[in-house]
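Keep the sequence and the 3D view open as you read.

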Amino acid sequence: MKDYYVIIDCDPGIDDAMAIMNAVRSENIEVNLISTVSGNLTIEETVKNALKLTEIFKVDIPVAEGAKEPVKRQAVYASKAQGTKGMGGFTFPTPKKKPFILKSPDAIHYFLCQNPARNTTILCMGPMTNIANLLIKYPEAKDMISRIVFMGGSKDENGSTIPYREFNVAYDPEAMQIVFNSNIPLVMVPMELGHIAYFTPEEQLKIKRANAVGEIFYKMFSKYNDFHVGKLGAAVHDSCSALFLSNPEIFTVEPAFIKIDYHKNDGQEYGYINCDFNAKEHNAMVCVDVDIEKFKKIIYGNLFYYN
């Protein structure tokens with residue numbers, strides 16, 4: 001029996017793809033729904049990618065089509081990093097499956113209600129637009145969500161811009177503020193973990209040699225314009241949040257108070273997470289480290305399932 005129910009909200013995305021594989025292969029969580037949102041790419045591309053990933057990973061999980069644009073802002077996609085179709089050097093054929101009959105937030109609310117314990121975990125690996133729209137349309141949904149584990153933000157203010165402009169937050173900070181205001185318990189997996197959680201070129205060859213799924217990941221990584229670790233390898237930020245669900249024991253977490261602030265850079269205002277570990281009150285747990293050897297061992301094990 002699975003330990004708990006999970007709804008994934010994502011914008012696939014290379015690292016989303018690997019995270020989804022890890023989530024669906026976990027022995028202790030049950031993924032009820034994959035909800036897609038615009039972010040890395042348009043909603044048309046992210047929903048197609050999610051549908052195809054369920055086919056490749058051989059799982060019968062419904063995929064819902066979510067928000068086309070942020071709550072208030074214009075969409076600015078991340079195709080420079082992910083490729084025009086979101087999967088780097090790999091192009092999916094047209095999926096055979098169709099999206100779920102309900103769109104987000106209705107699909108999320110439907111599956112929240114299907115859990116009799118009313119304690120579903122939301123794993124959010126993209127902008128929080130769908131979750132914000134859920135809470136606006138169905139305020140009672142916050143009482144059906146035990147926690148939200150999300151990949152996003154930075155735990156400090158070091159980076160190419162100060163404060164650091166992390167994509168998932170900057171794409172739709174207003175949505176994230178709505179989620180923070182809900183007081184749903186939060187676990188933040190900051191982008192810095194991707195500086196540790198990456199696969200070197202040699203490790204990517206190991207992935208390629210594993211099986212057909214490994215070859216697909218290898219092709220994805222071949223055109224992954226990773227701005228975080230560069231030539232060192234391919235960062236898999238989103239897999240950190242997925243593995244936190246299945247294997248929390250390999251992570252170090254600390255309590256903090258997190259909030260959305262805004263900063264102007266080159267005349268443009270963007271949102272970022274202000275993360276205060278010294279605050280008297282805390283509203284989130286923040287992952288600050290991961291055992292990278294165990295992290296990779298788990299991912300290899302999930303991948304070898306397809307042998």
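Which residues of helix 9 (residues 212-222) are buried? In this predicted model, they are Val213, Gly214, Ile216, Phe217, Met220 and Phe221. These residues cover an arc of only 155° around the axis, so they sit on the same side of helix 9. The spacing follows a general rule. An α-helix has 3.6 residues a turn, so residues three or four places apart point the same way.

Several elements cover the buried residues of helix 9. Among them are helix 1 (14-25), helix 2 (43-56) and helix 8 (201-210). Strand 8 (234-235) and helix 11 (292-304) also belong to this cover. The N-terminal end of helix 9 is capped by Asn211. A side-chain oxygen of Asn211 lies 3.2 Å from the backbone nitrogen of Val213.

Nine strands form an open sheet with mixed pairing, in the order 3-2-1-4-5-6-11-9-10. Strand 3 (63-65) and strand 10 (268-276) are the edge strands, each pairing on one side only. Direction ignored, neighbouring strands of this sheet are turned by 30° against each other on average. At one end of the order, strand 9 (residues 251-265) and strand 10 run antiparallel, joined by nine bridges. Lys264 stands opposite Glu269 in strand 10.

Leaving out residues up to four places away in sequence, Glu174 touches Lys72, Arg73 and Tyr262.

Finally, the whole chain. Its secondary structure comes to eleven helices and eleven strands. The radius of gyration is 18 Å, close to the 19 Å that the globule rule gives for 307 residues, so the chain is as compact as a globular protein of that length. The C-alpha trace spans about 50 × 45 × 35 Å along its principal axes. Buried residues make up 59% of the chain. Of the contacts with a separation of 6 or more, 82% are between residues 24 or more positions apart.

Technical notes. Residues are numbered from 1 along each chain as its sequence is written. This is a predicted model: local features need pLDDT of at least 70, side-chain atom pairs count only at pLDDT 80 or more; totals for chains, interfaces and linings use all residues. Side-chain values use heavy atoms; hydrogens and water are left out. Contact means heavy atoms within 4.5 Å. Buried means under 20% relative accessible area, exposed over 50%, partly exposed in between (1.4 Å probe, protein chains only). Helices (H or I, at least four residues) and strands (E, at least two) are DSSP runs, numbered from the N terminus. The arc is that of the directions from the helix axis to the C-beta atoms. A polar contact is a pair of N or O atoms within 3.5 Å; within protein, one must be able to donate a hydrogen and the other to accept it, and residues adjacent in sequence count only if both atoms are side-chain atoms. Two strands pair if DSSP finds at least two bridges between them. Axes are lines fitted to C-alpha atoms, for helices over the stretch in contact, and angles run from 0 to 180 degrees between N-to-C directions. The radius of gyration is taken over C-alpha atoms; the globule rule is 2.2 Å times the number of residues to the power 0.38.
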